[in-house]
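Please have the structure open while I talk.

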Amino acid sequence: MRVTLSDADRGTLAGERGEGARLAMSILVRMAEVVGAETLLDITAAHIDSSLYQGPSTLEFAERLADGGARVQVPTTLNVSGVDVGGWREWDVPADWAEPARRQMDAYERMGCAPTWTCAPYQTERRPEFGEQVAWGESSAVVFANSVLGARTERYPDLMDICCAVTGRAPAAGLHLRHNRRGQLLVDLSRLPARLARDPSFFPVLGHWIGARAGERIPVLDGFALAPRDRTGPAGTLDPSEDDLKALGAAMASSGAVALFHWIGLTPEAPDLDTAFQGAAPESAIRATLAELARARDDLGSGLADDDGLDLVVLGSPHFSLAEFAALARLVAGQRRHPEVRLLITTGRAVRALAERAGYLDALDAFGAELTVDTCILTTPMLPAEIRRLMTNSAKYAYYAPGLLERAVAFGSLADCVASAIAGRVVRDDQAWTA
Amino acid sequence: MTRRTFGAPEPDGAPEPDGAREPGDLPESVVLTGQSVVPGTAEAALLYTTEPLSFWGGYDPDTGRIIDRRHPLAGRNAAGLILAIPATRGSSTTTAVLLESVRNGTAPAAIVTAGSDPVLALASVVASEMYGRPIPIIALVAADYRRLRTAGHVRVTDVGQVEFVSGSGVSGSRAARPARRR
């Protein structure tokens, strides 16, 4: 299949805009053929995951583009980096790893990307509007952009997102096209008890459970009583915050490859079932039960039981938001962590600045918490060997830490994590989860 | 990215379609024709599995060893072999890990998939642009993919064919089962 290119595309492919842009367009055109796109479409923004250092090849790729004069054609944000430039020496990052990782960061900045260094750019940067065509990398950001914002992006793999950004183009395929955004898997939440609405870990647990069942399909959630949008409804109904939806999507994109979900009455492409499924019947349906979700909650832990000792409580995957800093500051106020348990928060530099201005960091300092910006425990080799036992409220951290970091992990709510950091052992409130 | 599937392969442990074959008694004429996603030629032993693989956290680019401990091929080394995996899964950083393995000379000689997998294709396309060394990638339909189970050495051609050179390959779903049981 041949891809129909515009005159400008052909010019870029012929090297009229330099070698870097030619390389990017060449990759883009070959990939458009692979995915069966008939044409390329214009994008208006990009978010780049390729900036993450994986070894000499990813640095060489970045420098080949940057040295070849490639410059992003649309506003472009950067995902987590390999190093916290100001703070990596405080952790166990090897210097011979930090140096090339830093050079790779520089290459992406030279291409004109904004040094946002966060997996949650939507927390501080301009958000794509409903229906806007963008090219985003980072699975948790992709699912947020598609589902919560209603923007349109594929789940771009590393090395491809930057090719889209420097050409301003993307293959017209996949989730860029409306008919591919039709719901596929109906997820019935109507059997779940209303009290789950009061436990914020409901969202990562639900996402973990759905992702494992959805795989790459588009789930459509329905059946849980939602608070009216004007907030006049009865207490106890579900009123998900953006952080809840961030956690839900990131979990689905970890245990599964979900790039888009719909939630009837909540997300912008799902005012009702008929719209979410675009008039078709669901391909299949599943029903969530309390027992299944309680099992999924336990499944997020690995190698740690309640009351076991802990080395580190880690929060912020995706990156901690300002609202989460506010909640954490309230929870830790006037208290101090257990001397043998460290508390680490991972966030972006912009949110840290906001949290500092808002005064939230004073309470965290007093508690003994530490902050790492621009990266996370999964993407930089920062954890010292003696830290073996982690606890987190993030389904994404909980999912990847055992395999990638070979650490034991416990999962709980934010309040559970704080209680555990104080007690020095895993403490979890199971009330909402027992029948 | 959108994966175009031609149907999912059977899970590991699916019953054999016919009686078990002795190694080497395949007819020499077996040629499976699929889509040449990234053209190229290679001939090597086949490493076969029905379990998707994430290269990030699953493939060591320094050695070519499969390191995902939950994967049936865990502990096998795919460097220089023809790797048959139905698809990639999980992280989109798979492309970077595979590119790194091409640079290190630890990549598979070719990859055969069930349905076309754009993440693998991207790694190969970038490897071609960067190092002049694309990994040939062939997408078979699911039924043909399953026939690879009995293959030993295979040859892939740049028109999307997989030719059986001999039987009794390295498989992650039959003879190599102990790797999974641990």
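Let me begin with a definition: the radius of gyration I will quote is taken over C-alpha atoms, and the globule rule I compare it with is 2.2 Å times the number of residues to the power 0.38. Please keep in mind throughout that this is a predicted model. For 435 residues, a compact globule would have a radius of gyration near 22 Å, and chain A has 22 Å, which agrees. Along its principal axes, the C-alpha trace of chain A spans about 65 × 55 × 35 Å, and its secondary structure comes to 15 helices and 14 strands.

Chain A is divided into domain 1, residues 7-179, domain 2, residues 182-298, and domain 3, residues 300-433. The C-alpha centres of domain 1 and domain 2 of chain A lie 29 Å apart, and their contact takes 14 residues from domain 1 and 18 residues from domain 2. On the domain 1 side of that contact, the classes are seven nonpolar, six polar and one charged.

Turning to the partner chain, 33 residues of chain A are in contact with 27 residues of chain B. The elements of chain A that give two or more residues to this side are helix H2 (19-34), helix H3 (56-67) and helix H14 (395-405), and by class the side has 15 nonpolar, 10 polar and eight charged residues.

Now to helix H11 of chain A, residues 322-332, and what packs against it. How do H11(A) and H15(A), residues 414-423, cross? Their axes come within 10 Å and cross at roughly 40°, so the two helices are oblique to each other, and the crossing is right-handed. The contact is made by A:Ala327, A:Leu328, A:Leu331 and A:Val332 of H11(A), together with A:Leu414, A:Ala415 and A:Val418 of H15(A), which gives seven nonpolar, no polar and no charged residues.

H11(A) also packs with helix H13 of chain A, residues 360-367, at an angle of about 45° and with the axes 9 Å apart, and that makes H11(A) oblique to H13(A). This crossing, however, is left-handed. Here A:Phe325, A:Ala326, A:Leu328, A:Ala329 and A:Val332 of H11(A) meet A:Tyr360, A:Ala363, A:Leu364 and A:Phe367 of H13(A), and these residues divide into nine nonpolar, no polar and no charged. If you look at A:Leu328 and A:Val332, you will find them in the contact with H15(A) and again in the contact with H13(A).

How values were computed:
Residues are numbered from 1 along each chain as its sequence is written. Chains are lettered from A and ligands numbered from 1 in the order in which they are written. This is a predicted model: local features need pLDDT of at least 70, side-chain atom pairs count only at pLDDT 80 or more; totals for chains, interfaces and linings use all residues. Axes are lines fitted to C-alpha atoms, for helices over the stretch in contact, and angles run from 0 to 180 degrees between N-to-C directions. Helices (H or I, at least four residues) and strands (E, at least two) are DSSP runs, numbered from the N terminus. Angles under 35 degrees count as roughly parallel, over 145 as roughly antiparallel, 65 to 115 as roughly perpendicular and the rest as oblique. A crossing is left-handed if the near helix is turned anticlockwise from the far one by less than a right angle, and right-handed if clockwise. Two residues are in contact if their C-beta atoms, placed from the backbone, lie within 7 Å. Ala, Val, Leu, Ile, Met, Phe, Trp, Tyr, Cys and Pro count as nonpolar, Asp, Glu, Lys and Arg as charged, and the others, Gly among them, as polar. Domain bounds come from an automatic or database domain assignment.
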